[in-house]
Amino acid sequence: MTEEQRSILSRIQKDANLSKTEILLKGLELLSEYYSLGLDTPPLSLELKRLEGEAVHHAEALKRIRRREDALKEMIRELHDIDEIVNRCGGPNALIQILLDIQKQFGWISKLAVMWISKRLGVPFSSIYQIATFYKVFSLTPKGRHRVRACLGTACHIRGGPRVMERIERLLGIGDGDVTPEGKFGLERVNCLGCCALGPVMVVNDDYYGNVKPTEVGKILSKYG
Amino acid sequence: MVREISLKIDGKEIKAREGMTILQAAKAKGIEIPTLCYDEQLKPYGACRLCTVEIVKEGRRRMVVSCVYPAEEGLEVEANNEKVRKIRRLILELLLPLLPPPSDTVTGPIETLAEKYGVKKSRFKAELTNCTLCGHCVRYCTEVKKANAICFIGRGTERQIAFVPELAPNHCLACRECFSLCPTSKMVDSVEGIRGVCSLSIPISEKIKGK
Amino acid sequence: MVEKIRSPAELEKLRSEIIARRDPKKRIITACASTGCSALGARKVIESLKEEVKKRGLVGQVGVKEDEVEVKETGCLGFCELGPRVIVYPEEVPYFRVKPEDTPEIVSETVVKGKIVERLLYADPTTGEKARKLEDIPFYKHQLRLLLKNNALIDPKKVEDYIALGGYGALSKVLFQMAPEQVIEEIKKSNLRGRGGGGFPTGRKWETTRNAPGEPKYVLVNCDEGDPGAFMDRALMEGNPHSVLEGLMIGSYAMGANEGFIYVREEYPLTVENITTAIKQAEDCGLLGGNIMGSGFNFRVNVHRGAGAFVSGESSALMAAIEGEVGEPRPKYIHMAVKGLWEKPSCLNNVETWANVPLIILNGAGWFRDMGTKNSSGTKIFSLVGKVNNTGLVEVLMGITLRDLIFKIGGGIRGGKRFKAVQTGGPSGGFIPEKYLDLHIDFDELTKVGSMMGSGGVIVMDEDTCIVDVTRYYVDFLSKESCGKCVPCREGLRQILNIFKRICSGLGEEGDFENLEDLSELLKEASLCALGTTATNPVVTSLTHFRGEYEAHIREKRCPAKVCRALVAYYIQPEKCQACMKCSRSCPVDAIIGDKDTIHVIDQEKCIRCGACYEECQFNAIEKISPPTPPPPRRGIKVIRKKKRE
């Protein structure tokens, strides 16, 4: 080991009363500053290497190709945020609530998030996967900047909901569950939003639109930059 | 001290230990009830519904799955009446479209059962997933091997079993014991023969079918 | 509210203080801030009202002093399509379809001068008569709004409002004057039945939970409301969350539980917000938490959000989700009341069921039982939607006929069309044809005709609805919402959907009838959970009462209601076309040929039957017909324009 590597490792080991998460995070922080140094002591180095590799894939998935260090810094920030969510929500029983908060904050459940939650809660990744794919609200791919939801509950269906959905699909050029190529709009079909007397209903982000006619869809979408 | 209880299955009086399910009680006395998702090493799953039987309790009739319903004192079970057989035939008619067309070389447990119940072919449209979602592989990996490498994903008609190649290889023990539990010919090594990447492989980036 | 309430006397004292502080003659402008009105722009209206009132110096700069005009955000009153809704007190003048531009007039005329703004009142569509009070509106006149009426007066984010109306008085009575067994007896005597769908006698469920061995016990609120078309639980929880909390605590005391869970679906973010606020405020007052009102009874409650799964509203699935596992039903033969959450006795009831409890305690079991029918007591909130004139939430006595519900309250079928069917109970319910319109709605009457009460969704369909198409919609919905674990439900629905897709595309076969009947029976007998066993009610009832429509689709390849795309064609009648080009511009595939002087013609090869042109045409020139279409007119015929009206 070089002098520098030794000093970094001792800095990490000195703060031994930190939780395992914090040590990993600290290691990553230092890694992003001195990424050219290989920290050779397993198992820390294996963990760090694995997560480091993730960071680049993660940035690519978000369509933001960055320098290695920037990708790492961003990943550290995200892991930190995820930790805050976990601390706020509680233990493994709150798994669904934790995933809901992650989905809300980041717009998707990334592989990174799955790995990190699995570690923090001691829950097998397959359980997280099962939950993330069972429920409609979770997305395993990044959603668009603007979230478009078209209600296709019974009342909306009878009042012409499918034609509104069709018009949205045609105008954006995507289907249910997809995101437009530049990542601007993400489209979802939902089953009932509880405004049945106003069908057909369409929601963009947190803006609700009732009694929507197919001819109005274009105007509604053009409001979002 | 486990109590001994007596119940009737198909008119025959039998004895069982308290805590047994109807299916266990029947098996112990050599009475045959067809199953698919049941396995002695695993917790009862109650999903294939082939082991459905009709019980008569306090004058009321009810359809229950024998792998879950407990054997009770004085219970009357009809494990082979016409209603029960009709249910089994229909379930088999729903399973056959999932399998590849019948061949002379392959006769799995489902094809054998279908023949036994007189179901030659199915009226329904073929799906050819070659997976009945009986869950033997997933449940074995979770409950017995405790490796949790494969899982169910999705729900409803889009439900599948997946080996996620980006994450599972770190957990799969490559024991391949799940292969022999599969009632269809689904579980085989992948073409590449890479450790732990089997025919269930569904990468994260690939969308769940139909979604 | 800094001091925690530590005795019934303190609660009463607080109540009197709040009431004393409120001048009954004071001008209060209430505006609905619930999800429905928000979708129609209510938030801007509320902001605008607040600004107007401030501009005129009717309120101080900081907060609202008790002698000034107050703008109050309240809950949903159910007539959502006429929102945003504003009511001015003390005259109780109701204004509908209020826009931000209307607020200056509301403030200057009604608030300051006490004069009514006629144009914002509800006008009867046939007589034109204006309604000066809510009760003058036919939609509201025939209702008995025991549960929903307080939504007009309560700001869900202010516990004082609930207390002022008598809130927590029932809990106080229960904790200090009644033994747990007495409470259960009272609920049993009232004959309250579960409002979530099953209609199971609530008192009996409570008794089972209480007597079941095992500690701790749990109580749960089911606010999953997955039935598309139902939103009564949303209105109750969003508008009056304390009424549900109070009922929950009464039940918890009766059953010997000290912890509760409220499961709210993710699609109701405002509901989650309001119930969370309500819990915090109740805790701050000493009405929730440790030593409630000084009684020694402890109770704490957690809010658990759903994540978008209809099946998670099923009791065993809901409890699995709270335990941190995937929300799938489990094959169980022991009631949840005996072995539920973490294998402990757990009582799950619907929002509306809990909300009825304080009323029963305060007014007595006899009062409740004497309302409604012999086997179904009390009121029920229905979600009346679809092709009726007046859509929204309707709270009525059990026993009202379907006819009265649809025609008296609902105002009859939109556009003067003919009634065809009404579907109750959501995707688990059945279609009810015209001949049963005079049945008296209650749990058992609906089951007798093959449907069910469900959570209270009532979807009205007219002659332009294709029953086969709607059945297909339900099967599609259930096939995706099913958890997919058991073969009958998953594979059964898959194949039933395949059959319906063929039928709606004109590829139906005679054998489909028998196949649908066989599969329906399989699901009913062999499914793992209630989603599966009730999934084929729409199929069975539609085959029973509307077989003719199926026969037309299968044997004649015709859709009588002209809905199923593959079986419908659009045709421009040459003698009516005015060549305005509106239709050709709206066509997404450019299938309409014609310019401003020539009769338009639809190219049937290109047409995708979306119906956009049909919607656009102002001259009723476009017809929906069952193929074959008449031969296309010669292209390029010059249009004969109708004379312009003077």
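Helices (H or I, at least four residues) and strands (E, at least two) are DSSP runs, numbered from the N terminus. This is a predicted model, in which local features need pLDDT of at least 70 and side-chain atom pairs count only at pLDDT 80 or more, while totals for chains, interfaces and linings use all residues. Residues are numbered from 1 along each chain as its sequence is written, and chains are lettered from A and ligands numbered from 1 in the order in which they are written.

**View 1. Chain C as a whole.** Chain C holds 25 helices and 19 strands. With a radius of gyration of 28 Å (taken over C-alpha atoms), close to the 26 Å that the globule rule (2.2 Å times the number of residues to the power 0.38) gives for 646 residues, chain C is as compact as a globular protein of that length. Its C-alpha atoms fill a box of roughly 90 × 65 × 40 Å along the principal axes. Of the 646 residues, 55% count as buried, that is, 20 or more other C-beta atoms, placed from the backbone, lie within 10 Å of the residue's own. Take the contacts of chain C with a separation of 6 or more: 72% of them come from residues 24 or more positions apart. Two residues are in contact if their C-beta atoms, placed from the backbone, lie within 7 Å.

**View 2. Where chain C meets chain A.** Here 39 residues of chain C are in contact with 36 residues of chain A. On the chain C side, α2 (35–39), β9 (300–305), β11 (379–386), β15 (457–462) and α18 (467–481) each supply at least two residues. The most come from α2(C), with 4 residues. By class, this side of chain C has 19 nonpolar, 13 polar and 7 charged residues. In this scheme Ala, Val, Leu, Ile, Met, Phe, Trp, Tyr, Cys and Pro count as nonpolar, Asp, Glu, Lys and Arg as charged, and the others, Gly among them, as polar.

**View 3. Where chain A meets chain B.** In this view, 10 residues of chain A are in contact with 14 residues of chain B. Helix α7 (residues 125–134) of chain A gives the most to the chain A side, with 6 residues. That side of chain A has 5 nonpolar, 4 polar and 1 charged residues.

**View 4. An open sheet in chain C.** The 5 strands follow the order β12-β11-β15-β13-β14 (chain C), with mixed pairing; two strands pair if DSSP finds at least two bridges between them. At the edges stand β12 (392–397) and β14 (431–433) of chain C, each with a single partner strand, so one side of each is left without a neighbour in the sheet. Strand β13 (residues 419–424) of chain C runs antiparallel to β15(C), and 5 bridges join them. If you look for Thr424(C), its bridge partner in β15(C) is Val458(C).

**View 5. Helix α22 of chain C in its surroundings.** Of the 9 residues of helix α22 (residues 537–545) of chain C, 7 are buried, so the helix is largely enclosed by the rest of the structure. Among the buried residues of α22(C) are Asn537(C), Pro538(C), Leu543(C) and His545(C). The buried residues of α22(C) pack against β14, α18, α19 (487–504), α20 (512–526), α21 (530–534) and α23 (547–555) of chain C.

Terms used. A residue is buried if 20 or more other C-beta atoms lie within 10 Å of its own, exposed if 12 or fewer, and partly exposed in between; C-beta atoms are placed from the backbone.
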